[in-house]
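Dear colleague,

I am passing on the structure we spoke about, and it is shown just below. After it come some notes on what was found, written for someone opening it for the first time.

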Amino acid sequence: MISELKALFDYYEKEKGIDRLKMVEALSQALLAASKKSIGPARELRIDIDPDKGTIKAFAKLIAVETVANRWEELPLALAKRFNKNAVLGDEIEVEVTPNNMGRIAAQTAKQTMLQRLRMAEKENLYEEFKDRTGDVVSGVVRRFEKSDVVVDLGKFEGVMTSKERVATEDYTPGDRMRFYVKAVEKDSGRGPEIVLSRAHPNFVRRLFEFEVSEIGDRTVEIASIAREAGYRTKVAVHSADEKVDPVGACVGLRGARVKNIVRELNNEKVDIIRWKSDPAEFVREALKPIKVISIHVSPDKKQARLTVSEEDLSKAIGRRGQNARLTSRLVGMDLIIEKDEHASEVFEGQMGSAVHHLVDALGISEDVALKLTQGGMGDLNTLATGVEVSDIAEVLDGDTGLAQQIFDKAAAHASAPA
């Protein structure tokens, strides 16, 4: 027992950083409860542990009396004088009452209780050490899974990454060394103090930029806002008060080296770096590039922006399952209403209509045929006469070679006629 006890103390002190006196206190309390079953309800029973020698003794304070009426609280004066020759009636005499089976008691009954106390002490140490590290990025090794939680070995302590904080596109395998964002250190989590880790938190990306980009570290460049859908895409808006500094270029780095390191850490998550603008409308335009915003109206009171883009850009502006619009909205802090530019469509349709009518008048063809030619990119006579072959016209007209030849000849005649 002595060697086991000393080994236990040494292990927890060196590997877990638990103070030896705390362990002695924990073991004393555990043994005190366990010893009462063996010793009985002795008066002021206490356990004395020598952590260096590994010895355990039990003592009780009994009162010296002439005749013993309660053996748990009293002892005869004659016996008291063996411990203190000057003892008189009523004196408290401390007597060793260590049971013969103390070693077995300690080994079988108290060990589990002591380990529980030690685990509590370990968690208290954990809280004290990590309570000011919320927001840090730490390195750890994936150790095991508890239901859907990932338990991470951080050295002296373990952290937990819940399913909510995991990245859906990442795989975690025991033994993997990764970096994690310390989202919180909770003192009363129901399981004692707990380090909550995350790889999905937007601030994980923020901290990675701080590590990689020295200009962010010294505040020459600042991250104004960040929006993330972990595993898929992140948008980061940056700016610098120094006009000589290009904030986007600083974050990208030479040949993209800086942002590549961040993307690698994020397992190829797409990262967009955007120049922050103080004007909300300009900020939205920057955030949606390379999509061209045709018009935009910002309602500051409603925190809303209504904008139009071309029909070709509409699906890109919204993005797959609305991701681009959603991220942009979070980045700029406004609801976005993205619509197709109807004016451009009207102008285009008007141009199409003019071209159709011109072909009808010039070539004597039906509107349907003229519309097919116009939609096929052959909406003017010069193109029909010199820019295409008969076979090209026939292809637009569903293979009607005869009609294609007639149109080609008429267009050529118009083209060669004097103005």
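Strand β13 runs antiparallel to β14 (residues 304–309), and the two are joined by 6 bridges. Please keep in mind while reading that this is a predicted model. Along that pairing, Ser 299 stands opposite Gln 304 of β14. Both strands belong to an open sheet of 3 strands, ordered β13-β14-β15, in which the pairing is mixed. Its edge strands are β13 (293–299) and β15 (335–340), each of which pairs on one side only, and neighbouring strands of this sheet are turned against each other by 15° on average, direction ignored. Helix α10, covering residues 311–318, lies across β14 and β15 and runs at about 155° to β15.

**Where α10 meets α11**

Two packed helices are described by the angle between their axes and by the distance between those axes. For α10 and α11, the axes come within 5 Å and cross at roughly 65°, which makes α10 roughly perpendicular to α11. The residues that meet are Lys 316, Ala 317 and Ile 318 in α10 and Gln 323, Asn 324 and Ala 325 in α11; by class, this contact has 3 nonpolar, 2 polar and 1 charged residues.

**The second largest pocket**

Which helix gives the most to the lining of the second largest pocket? Helix α11 (residues 323–332) does, with 3 residues. The pocket holds about 250 Å³ of space, and among the residues that line it are Glu 229, Tyr 232, Arg 233, Lys 316, Gln 323, Asn 324 and Arg 326. Taken by class, the lining divides into 6 charged, 3 polar and 1 nonpolar residues.

Strand β11 (residues 233–239) pairs with β12 in the parallel sense over 6 bridges, and the bridge partner of Ala 237 in β12 is Ile 274.

With best wishes

Methods
Residues numbered from 1 in each chain as written. Predicted model: local features only at pLDDT ≥ 70, side-chain atom pairs only at ≥ 80, totals over all residues. Heavy atoms only, no water. Pairing = 2+ DSSP bridges. Helix = DSSP H or I, 4+ residues; strand = E, 2+ residues; numbered from the N terminus. Axes fitted to C-alpha atoms, helices over the stretch in contact; angles between N-to-C directions. Contact = heavy atoms within 4.5 Å. 1 Å grid on protein atoms, 1.4 Å probe; cavity = no way out; pocket = protein on both sides within 12 Å on 5 of 7 lines; lining within 4 Å. Points joined across faces, edges and corners; volume = space filled by probe spheres on them. Nonpolar A, V, L, I, M, F, W, Y, C, P; charged D, E, K, R; others polar. Parallel < 35°, antiparallel > 145°, perpendicular 65-115°, else oblique.
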